[in-house]
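Subject: Handover of a structure and notes on what was found

Dear colleague,

Please find the structure below, followed by an account of what was found in it. I would be grateful if you could read the notes with the structure open beside you.

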Amino acid sequence: PRRPRAMSTPRGFSARTHLLAALVLLAAGTAAATVPYTGVGKQPGDRRVSEGAVRVTWKEIHPPGCKPANAETARRWCEIDDDGVITVRNPVRFNEVMKLEERRLETMRAHPDAEYNEHELYHLGKQVRAGRAATNALKRATDKFDAAERERLRSPGVKKAPKASGAHKRRVAEIYRCRKDFNPNSEAAAREADTGWGYVCSVSEYRAFNPGTNPEAGSRPNVTDPADGQNNAPTRERAPETDQQKCARLRHYKHKYDADTAKGKPKFRRWLANAHAGFAQLEKLRDHATSDGGTGVGKVREVIEERASKAYKAISRELHPDKLASIFNTQAECAKDRVGMTAMLKEQFDRATVLRNCVMKPLRCEAASLHNVRAAHDEL
């Protein structure tokens, strides 16, 4: 009798079935790998992306600047938990780092002849895409929180609440927590077409908005008279500086300025930081804001920025060349060197502007610090 073929037996049929199934899976995997993610995947012709594949590809990718929480990075502006959730304590710093890394990535891609590490370029590109998704999620969470806060303030319960309860004060988001949503058909993923997944952020902590906060209010002595309940603290008002006195001071500045013949006037800058309260404040805040990659979050950061703004405004009122026309028009001693004094004042006011910008945006600061370089022989 004729021997049957192997594929005609039940065992052969099962083997052929497994082989065909393997070929189908291989072809489907190859097609999914070559077709980019184009959206939620519900439209005709779109390919659904596997949630597992997205999770494996992006699980260990986090926004630039975010680091795991440990003893060294405690209370950092962006921390990564063990489960991949990021805690953002300073959204402004988060956006600054994102813009900085995006520019760095563009520069690396624009100069392929610089022989950058290919792995570093690829990893940075994925970090920037993850950071862009987190930035969008933070904005959505902030808008949602602000909308809910407006509704709360308009509610009858808040309007009837006593003012002492503090319910009437507007609340602002302070700390955010963001998790990754790897479901390719979710709303978060639909907003991030270049990643196939998105972040979902929520406000974990908020604070009462108080634009009139005075950081020095707590340090003032209590001089209220218990008998009448009125503040009897002596008020010391300094007499305004006359044009003659201001001209003498500007001439003194110009003398110190001309005595420093070095390029950039480093000795004069150090002397001015010691002699002028506004410049001393800006130099101190600049060193504090930029040390160790930037310090201060939340209320501490607000105090730093508020003091820098006050010092800058005081310098502007006092030394801006456009506000000293009366000095040059009425004081002959200053009118003799009007061009030189104006140039000196403009240079120092530009320096104050740079210092103020360093405090407001530490990551973009390029001004050299005067910290730890002051010496006795620098005195002019």
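Arginine 89 and glutamate 79 meet through their side chains in a salt bridge, with 3.2 Å from N to O; a salt bridge here is a side-chain nitrogen of Lys or Arg within 4 Å of a carboxyl oxygen of Asp or Glu. This pair links distant parts of the chain, since arginine 89 lies in the loop between β3 and α3 and glutamate 79 in strand β2 (residues 78-80), 10 residues apart. Helices (H or I, at least four residues) and strands (E, at least two) are DSSP runs, numbered from the N terminus. Arginine 89 counts as buried at 13% relative accessibility, and glutamate 79 counts as buried at 8%. Buried means under 20% relative accessible area, exposed over 50%, and partly exposed in between (1.4 Å probe, protein chains only).

Please note that this is a predicted model, in which local features need pLDDT of at least 70 and side-chain atom pairs count only at pLDDT 80 or more, while totals for chains, interfaces and linings use all residues. Residues are numbered from 1 along each chain as its sequence is written, and side-chain values use heavy atoms, with hydrogens and water left out.

In total, the structure holds 16 salt bridges. Among them is the contact between the side chains of arginine 249 and glutamate 318, at 2.6 Å from N to O. Here arginine 249 belongs to helix α7 (residues 243-259) and glutamate 318 to helix α10 (residues 299-319), and the pair links parts of the chain 69 residues apart. Arginine 249 is buried, with a relative accessible area of 17%, whereas glutamate 318 is partly exposed at 22%.

Helix α7 also supplies lysine 254, whose side chain meets that of aspartate 337 in a salt bridge (3.4 Å, N to O). Because aspartate 337 lies in the loop between α12 (332-336) and α13 (338-360), this pair ties together parts that are 83 residues apart in sequence. Lysine 254 is buried at 10% relative accessible area, while aspartate 337 is partly exposed at 29%.

Turning to the strands, an open sheet of five has the order β1-β2-β3-β4-β5, with mixed pairing. β1 (67-68) and β5 (198-208) stand at the edges with a single partner strand each, so one side of each is left without a neighbour in the sheet. Two strands pair if DSSP finds at least two bridges between them. Strands β3 (residues 86-88) and β4 (residues 171-181) run antiparallel and are joined by three bridges. Within this pairing, isoleucine 86 has cysteine 178 as its bridge partner in β4, and threonine 87 stands opposite arginine 177. Between β4 and β5, which also run antiparallel, there are 10 bridges; lysine 180 stands opposite tyrosine 199 in β5.

Finally, Lys99, Arg103, Lys361 and Arg364 gather in a patch of positive charge on the surface. For such a patch, residues have over 30% relative accessible area and no salt bridge, and like charges are joined within 9 Å. Lysine 99 lies in helix α3 (residues 91-110) and is partly exposed, with a relative accessible area of 44%.

Yours sincerely

Note on methods. Patches are made of residues with over 30% relative accessible area and no salt bridge: like charges are joined within 9 Å, nonpolar side chains (Val, Leu, Ile, Met, Phe, Trp, Tyr) within 5 Å. Accessible areas come from the Shrake-Rupley method with a 1.4 Å probe; for residues, only the protein chains shown count as cover. Lys and Arg count as positive and Asp and Glu as negative; His and the chain ends are not counted. The place of a charge is taken as NZ of Lys, CZ of Arg, CG of Asp or CD of Glu.
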